Amino acid sequence: MSSAEIVDSSVDPPTKKRKIGDTQTTSTEMANNGAGASSKPTDIDEGLYSRQLYVLGHDAMRRMASSDVLISGLGGLGLEIAKNVILGGVKSVTLHDEAVCTIADLSSQFYLSESDVGKNRAEACLKHLSELNNYVPTKPYTGPLTEDFLKKFRVVVLTASSLAEQIRLSELTHANDIALIIADTRGLFAQVFCDFGPAFSVVDINGESNVSAMIADISSDKDAIVTCIDDTRHGMEDGDHVTFSEVQGMTELNNCKPIKIKVLGPYTFSIGDTTEFTKYERGGIATQVKMPKVLQFKSLTEAMKTPEFVHTDFGKFDHPQQLHIAFNTLHKFIEKNGRKPKPWNIADAEEFISLAKTISVDGGNDTEINNQLLETFAKVCAGDLNPMNATIGGVVAQEVMKACSGKFHPIYQYMYFDAIECLPEDLSEITEELAAPTGSRYDGQVAVFGKEFQKKIGGLKYFVVGAGAIGCELLKNFAMIGLGGDGGQVTVTDMDLIEKSNLNRQFLFRPHDVQCFKSATAAKVIRKMNPDINIVAHENRVGVETENVYDDAFFENLDAVANALDNVDARIYMDRRCVYYRKPLLESGTLGTKGNTQVVVPFLSESYSSSQDPPEKSIPICTLKNFPNAIEHTLQWARDNFEGLFKQSAENASQYLTDPTFIERTIALPGVQPIEVLESVKAALVDDRPKSVQDCVLWARLHWEEQYSNQIKQLLFNFPPDQLTSTGQLFWSGPKRCPEPLTFDVENPLHLDYVFTGANLKAEVYGIPQNRNRNEIKEMVMAVHVPEFVPKSGVKIAVTDSQMAVTNGANVDLDKVGTLQETLPKVSELGDLKLTPLEFEKDDDNNLHIDFIVAASNLRASNYKIQQADRHKSKLIAGKIIPAIATTTSVVAGLVCLELYKLARGTKKLEIFKNGFINLALPFFGFSEPIAAPKMDYCGNEWTLWDRFEVQGEMTLSEFLEYFKQKHGLEITMLSQGVCMLYSFFMGKAKAQERLALPMSEVVKKVSKKRLEPHVKALVFELCCNDEIGNDVEVPYVKYNLP
């Protein structure tokens, strides 16, 4: 989409259910880990789970679908966990709670309302949770947790339970090989504990794709060294395991059992003794193999005495041990007093610290108590914060999935997390009186921050850009914390419609919402979660075209912007707007189990655009065209083929039919493009124009022959299999795989797939009724006569991209262009012919787009003896799908809202803010202080990206130049506005004189040839300047205010 798209962005037709059966590759080494094994493969709805499948894989999803989960405690944290687990697709979820709903639960329990007060929490939120995923039966349970009852479950999750209950249940779960997860959030502090049993097998510790490397040499040695070709680093680590294929000479290594390696360098590793093997000749591929890892979890009572921690913030290295004591102390405090410490009560905090010291001594723990940290814990632990619950709810739900599937490394065994930076530096600002409960739905948040801060949150005005996965989570969090609920406002925009594949992550939407606008639907649901929230929904793309809507008045009224986008261009645009209007920006993104958050603080931090990821490595054109060596190459080639055959050619022909200036514009194109374009038009309108579906089949069959037989024969004619290079090396070696032409076999399903899909797509382009009967297509194919092909001498085939660039950059043959023009039929001769270019759509399983690409790619893979890819993998690569899962989204949105608290407080210290980086698969959590805005200097004046020259118009260009010389000591050498150059020192004298006398706004209109829109109140100018001694200096931009 737009500027307001999240992960799954296109307006896709509804997808149908695809069954995943025995044809899928599965890992035979996956341990059951107590999960019930189903007698037949579970059907997985690819339309619903498509993005999550690319994170977890089919095998892990099947194991989840055979696992029953119990979640005890349906407060805010329990609800977040349940929501994410249900969206993930386990076999069933049982909701256990013996507590009734109170008004305080509404602080973070978004599926409860005031009308539910007094009802059992599990029963009250059952309906909403059940609607999240029709494939996951969800039921409530309000009785006691007995051993017989627990034995029904693969995973048990406890939230907000007493220590005695935790110990009792942990003994039962550990003895019965049931995974146990204990989770708790208390104000700004959180605890997670995992016990997956004495022998839990992890089949994939990180979720990364197996890497492979092409081999240049293998030594015959006691500790043999494998040398990889130096195109790319092998990317492996010490202790990894590899297996080999396609090795010539030392064939004993082919398909060997996984060998443990020692990395010697970026292109070398050792594999042990090869002295008994045949001498290495050439070729070969080393492929990484994931080995299962068995973890021995300690029981809760044992782990409590000797805890092991996953660190969430390396800047707080001592906090886990301190918080381990704090949570144990809290249990003792509640046991002793029958209640939690009162919010910000000094006496309770002192008693808490005394109790902590006693526990530390009694437990034989020699850790010195951090009085200040534990005092803060005591004062806020009665609080209940939605962002903390969202963060920990995502983490715990991912642990549930790990326990069910064995996919990714679990938390071993404790994880503690805190966000005490959200509190004011001077803690005396919050008193017991300010934090006392008042019977409000925000009491859980007031207990941490006080009433005055709550009022401030209620008055905030935020702009949320995007209502997809992250957008849904942000809006839910905003509703729970009361943002915009007391004089403020939340504005959300997204131009996208809801699609079926969205429902797995974008939890505000239901099947009946498909094809409705995301933003309006999300706003409607949010109002039900918290009727106080003032939320306004738009269906606009953010960009230059909507600056009349999101104008000066709109932005100046905002407190901040929260991005929920998935494309860099829209992010950069919003970042520029925030810098211009000097508004804070909350930025976030996810990729599978990885997520990041960034806070942009005016005048303090760099902006989002200040640093960018390196561009994706592109595949050389010659590799795609003639020398593929990986399935990614054949898939990109197939995708390019689709675009050329069914889109670009049809677009060119359509423009020829409708645009009288088409020929003129085409001839003006550089290099050989005019010939390529005109040839594609001639092919579409003359050579390859079908009149019937039989013609389409004829074209598809001949095209198959051209692509997979004739072109390969010509390539081998030019470069025979035994050809040597000038250095005496085999031409077909290293990354160049020697191809073989294919012989068409109508009984080969892959061969027929190509013709079947290609013919039907060709028919669609020309408006010819399709024929989806494979048998009829088969009969038509058998009737096609295929001319014999003889390779030609004198055909040039570029071996490198530089050779190809020379060919493409050659001067156009005007005679050939003229001849092509003459062969094109006149538009009047073509009658009412209309061609429909096909836009590639990956998520419609009935349109044959992916089917064509899978067939085209795998046929080319067959040519080059490359491992073929199934439909699922092909769709990921060719469709450039971004893997996504609800757990990561939940964590990221929670972390964003913790930064929102700091922005609301108006903190002016950069070190208080945190940019977050997470990978739930590892699990890894890292936080860093935002990078300060780089400081620059001109004429002794220090400035950053947040500074600018403010100039009040109107003035002429001459006056503008003089103003900068007199006021700032700067001589403007070049002046531009957007892409328009308004003035330069090398400009022609007459042109300069004409512009110098004009007002600045007139210069802009004259050069851009556009009028200034009524909403434009200021112009932005970029300057190149010299200082008084003639040195080139970098200066801020100019905001030129119109009168």
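I count two strands as paired if DSSP finds at least two bridges between them. Strands (E, at least two residues) and helices (H or I, at least four) are DSSP runs, numbered from the N terminus.

I am working on a predicted model, where local features need pLDDT of at least 70 and side-chain atom pairs count only at pLDDT 80 or more, while totals for chains, interfaces and linings use all residues. Residues are numbered from 1 along each chain as its sequence is written, and side-chain values use heavy atoms, with hydrogens and water left out.

**Entry 1: the mixed sheet**

I began with strand S6 (residues 189-195) and strand S17 (residues 414-418). They pair in the antiparallel sense over 5 bridges. Phe193 stands opposite Tyr414 in S17.

Which strands make up the sheet in mixed pairing? I traced 8 strands in the order S3-S2-S1-S4-S5-S6-S17-S16, and the sheet is open. Strand S3 (138-141) and strand S16 (309-310) are the edge strands, each pairing on one side only.

Next I looked at strand S1 (residues 68-72). I call a residue buried under 20% relative accessible area, exposed over 50% and partly exposed in between (1.4 Å probe, protein chains only). In S1, 5 of the 5 residues are buried, so the strand is largely enclosed by the rest of the structure. Asp68, Leu70 and Ser72 lie on one side, Val69 and Ile71 on the other, and both faces are covered. S1 runs parallel to strand S2 (residues 92-96), joined by 5 bridges. Asp68 has Ser92 as its bridge partner in S2.

Helix H8 (residues 319-337) lies across strand S5 (179-186), S6, S16 and S17. H8 runs at about 95 degrees to S17. For such angles, axes are lines fitted to C-alpha atoms, for helices over the stretch in contact, and the range is 0 to 180 degrees between N-to-C directions.

**Entry 2: the antiparallel sheet**

I found 7 strands in an open sheet, ordered S11-S10-S14-S8-S9-S13-S12, with antiparallel pairing. Strand S11 (259-260) and strand S12 (262-265) stand at the edges with a single partner strand each, so one side of each is left without a neighbour in the sheet. Strand S8 (residues 212-218) and strand S9 (residues 225-228) run antiparallel and are joined by 3 bridges. The bridge partner of Asp217 in S9 is Thr227.

I followed the chain on to Thr232, in the loop between S9 and strand S10 (241-245). Is Thr232 buried or partly exposed? I note it as partly exposed, with a relative accessible area of 46%. Contact here means heavy atoms within 4.5 Å. Leaving aside neighbours within four places in sequence, Thr232 is in contact with Tyr267 and Lys617. Thr232 and Tyr267 are 35 residues apart in sequence, with 7.8 Å from C-alpha to C-alpha.

**Entry 3: Cys622**

I looked up the UniProt record, an unreviewed entry, and its "active site" annotation covers Cys622. UniProt positions are in the numbering used here, feature names are shortened, and annotations may be inferred rather than shown by experiment. Cys622 sits in helix H19 (residues 621-625). Cys622 is buried, at a relative accessible area of 3%. Setting aside neighbours within four places in sequence, I list its contacts as Phe627, Ala798, Val799, Thr800, Asp801 and Met804.

**Entry 4: helix packing**

I compared axes for H20 and helix H24 (residues 749-765). They pack at an angle of about 10 degrees, with axes 11 Å apart. H20 and H24 are therefore roughly parallel; the cut-offs are under 35 degrees for roughly parallel, over 145 for roughly antiparallel, 65 to 115 for roughly perpendicular, and oblique for the rest. Phe642, Leu645, Phe646 and Ala650 in H20 meet Tyr754, Gly758, Leu761, Lys762 and Val765 in H24.

I then took helix H28 (residues 849-863) and helix H29 (residues 871-878). Their axes come within 10 Å and cross at roughly 100 degrees. H28 and H29 are therefore roughly perpendicular to each other. Ile850, Asp851, Ile853 and Val854 of H28 make the contact with Arg871, Ser874, Lys875 and Ala878 of H29.

Last, I checked what covers the buried residues of helix H22 (residues 673-687). The cover includes helix H20 (631-658), helix H21 (662-667) and helix H27 (814-823).
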